[in-house]
Amino acid sequence: MNILSLLKIAGKALLRNKMRAFLTMLGIIIGISSVIAMVSLGQSSSQSINNQISSMGTNLIMVMRGNMRRGGVSMGNTNMQTLTVKDVDAIRTQAGNVSVVSPVVSASGQLVNGSKNWVGSIQGGNSDLLSIRMYKLASGINFTEDDVRNSAKVCVVGKTVVNNLFETGENPIGKMIRFNKIPMKIIGVLESRGQNQWGQDQDDIVVMPYTTVMKRILAITYIHQIVASARSESVADAATDEIEAILQTTHKLKVGQDNDFEVRTQAEMLEMMTSVTGFLTVLLAAIASISLIVGGIGIMNIMYVTVTERIKEIGLRMSIGAKNRDILLQFLCESVILSLIGGIIGILFGLMISYFASMGLSWPFVISLPSVGLSFLVCVATGIFFGWYPAKKAASLDPIAALRHE
Amino acid sequence: MNEIIKIEKLERIFRVGSDEVHALRGVSFTIFSGEFVSIMGTSGSGKSTLLNIMGCLDRPTSGEYYIDQTAVSLRTKDELSTLRNRKIGFVFQSYNLLPRTSALENVELPLLYNNTISNRERRERAIRALEQVGLQDRMTHQPNQLSGGQQQRVAIARALVNEPVILLADEATGNLDTRTSYEIMNLFQHLNREGITIAFVTHESDIADFTGRTILLRDGRVVKDTAVETKSAKAALEALPGSENQ
Ligand SMILES: Nc1ncnc2c1ncn2[C@@H]1O[C@H](COP(=O)(O)OP(=O)(O)O)[C@@H](O)[C@H]1O
Ligand SMILES: [Mg+2]
């Protein structure tokens, strides 16, 4: 018996009971689509993090207040006032592996232009902050070190701020806006960067001299954060050590005393994130695989029922010349068709889920061909594996007994 | 005349636990081409056992069996399947049609297990077989849309489609009323006149009367093997009360 008539026989047998065939497939559909969606989403998120690495630069070093490592518990670091401009100056003059460094102070509040207003956040830094954060100017100019010395009321704004405070087509350069009643002049507009992997809008930003933010807006003497760039990616770790040593000195920490700050490289943080998402991907895929096994058992179950129900048919087929192999292959074909069609629907469905989820999370949509190919093979294997015993049972029936069966 | 079936000292012993059931105890006979033979006997006399061996579904415990002049013993399971597919047509008491499958597709079924037959030839032969049993206008009907007699006709067409050397029927009229039984016997007589060899198992003597030779079994032995005068099924049908109105 050739493969074509075999497929025809198996297909016809399945079509005789469409609803059951569909319900059996459902198990496989759910199993495969969840595996595909999980793997694909995991890869999307890794991809998104990788994109973030390249857009932010692996040279980026951040110094945060407080110590998050102490006992694994965050020590309310936002209240600590341990970082100052002096620390920044010390890093600039003493850390040989650091190319540029900037303090960061942030504030949020209402931005107003005439009748339009927008609740946004302000980042104060020196003139290097934009380059450290890898922002580029779309138009206008950056503020200068003179502006920093004078606490000048100038700012560079992102696209989202412009869109919310100005009419379309209106040129914001040179316009005055107010932040918490303090008037300031827009001197530059940043190139759009979209959302980061946490879904934050990176264009919702106002950058101005840190002195202006500290004196005129927040009236504080400490700074929130320090950001620095290592001279190259290869010296990022060395630069981190240098910064740690310098700050231990400026903070007059004794040997053995815990740091009251924390130095992190961007690469380190992203590595951590990637390993977390990688682990989650594996975990979710493993959970999803369980549903695939359940789907497979569903096929086996139905195939057993099918064989029992069709004992007479099997006897008849044998009496008209079907060999044991023909019967075995017919039932195997049925289970493989079920799992394969279920698998194809599952793959499409899973890709659809991950497509819409990636869209919603603004992650890149990644189709992993190996995982699609693998799922395909897994489907065929599931069909054969779980279809084998029922098919074997059918093929080993005695034709006379099968014909007599009621 | 060709020997279609030749049976010599056939024995069949079933083992049930430690007991032995002698279903056939040395049966011998020959069926020639063109014969219409009935195999008679009470229930449990070994008719089905004999027919199953003749149909290559079962093997004898001892004895020789030749079909179409080829020896059947020593054949492998697969070879027996091929023999059934090429040389034998079975008709069962309970029709055994595939549900939710058209008459035409049911009749095509045996040819699906024969690689040498093209799709087109398969279809053509199935149509011809259905025409032979007078169901040319029921080809697309499914079993549940057909009467018992019509279903048995489809089953007969299915048995004819591979052009077998012999038709083997086991109580083929057992599920049918008298009139329909006679109609089926009329069909068998008609097919026999066209040259088809038939072995027909029944326990009803009025059905056996429609055949040309009766082999009577008792306790697994042939107790009588005689040529009988064939009664016309057509005449018997017309003699049934109420026939004029039908
Ligand atoms: N598979 C079997 N196992 C044991 N005994 C069987 C089997 N098949 C038939 N027999 C026995 O063989 C005898 C003949 O059975 P069978 O050929 O079916 O008779 P018939 O068809 O004439 O009614 C009976 O006694 C029956 O019980
Ligand atoms: Mg019987």
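A residue counts as near a molecule if one of its heavy atoms lies within 4 Å of it. The model shown in these views is predicted.

**View 1. The surroundings of ligand 1.** Ligand 1 sits between chains A and B. Around it are 13 residues. The closest are Gly44(B), Gly46(B), Lys47(B), Ser48(B) and Thr49(B). By class, the shell holds seven polar, four nonpolar and two charged residues.

**View 2. Polar contacts of ligand 1.** A polar backbone atom of Gly44(B) is 2.7 Å from an oxygen atom of ligand 1. For Ser45(B), a backbone N or O atom lies 3.3 Å from an oxygen atom of the ligand. Ser48(B) uses its side chain: an N or O atom there is 2.7 Å from an oxygen atom of ligand 1. On its own, ligand 1 has 560 Å² of accessible area, and the protein covers 67% of that.

**View 3. Elements of chain B around ligand 1.** Strand 1 (3-16), strand 2 (19-32) and helix 1 (47-54) of chain B each give two or more residues to the shell. Helix 1 of chain B gives the most, with three residues.

**View 4. An open sheet in chain B.** Six strands line up in the order 6-7-8-3-9-10, with mixed pairing. Strand 6 (88-91) and strand 10 (221-227) of chain B are at the edges. Each has a single partner strand, so one side of each has no neighbour in the sheet. From one strand to the next, the twist averages 15 degrees.

**View 5. Strands 9 and 10 of chain B.** Strand 9 (residues 213-218) and strand 10 of chain B run antiparallel, joined by six bridges. Thr214(B) stands opposite Thr226(B) of strand 10.

Methods. Residues are numbered from 1 along each chain as its sequence is written. Chains are lettered from A and ligands numbered from 1 in the order in which they are written. This is a predicted model: local features need pLDDT of at least 70, side-chain atom pairs count only at pLDDT 80 or more; totals for chains, interfaces and linings use all residues. Side-chain values use heavy atoms; hydrogens and water are left out. Two strands pair if DSSP finds at least two bridges between them. Helices (H or I, at least four residues) and strands (E, at least two) are DSSP runs, numbered from the N terminus. Axes are lines fitted to C-alpha atoms, for helices over the stretch in contact, and angles run from 0 to 180 degrees between N-to-C directions. A polar contact is a pair of N or O atoms within 3.5 Å; within protein, one must be able to donate a hydrogen and the other to accept it, and residues adjacent in sequence count only if both atoms are side-chain atoms. Accessible areas come from the Shrake-Rupley method with a 1.4 Å probe; for residues, only the protein chains shown count as cover. Ala, Val, Leu, Ile, Met, Phe, Trp, Tyr, Cys and Pro count as nonpolar, Asp, Glu, Lys and Arg as charged, and the others, Gly among them, as polar.
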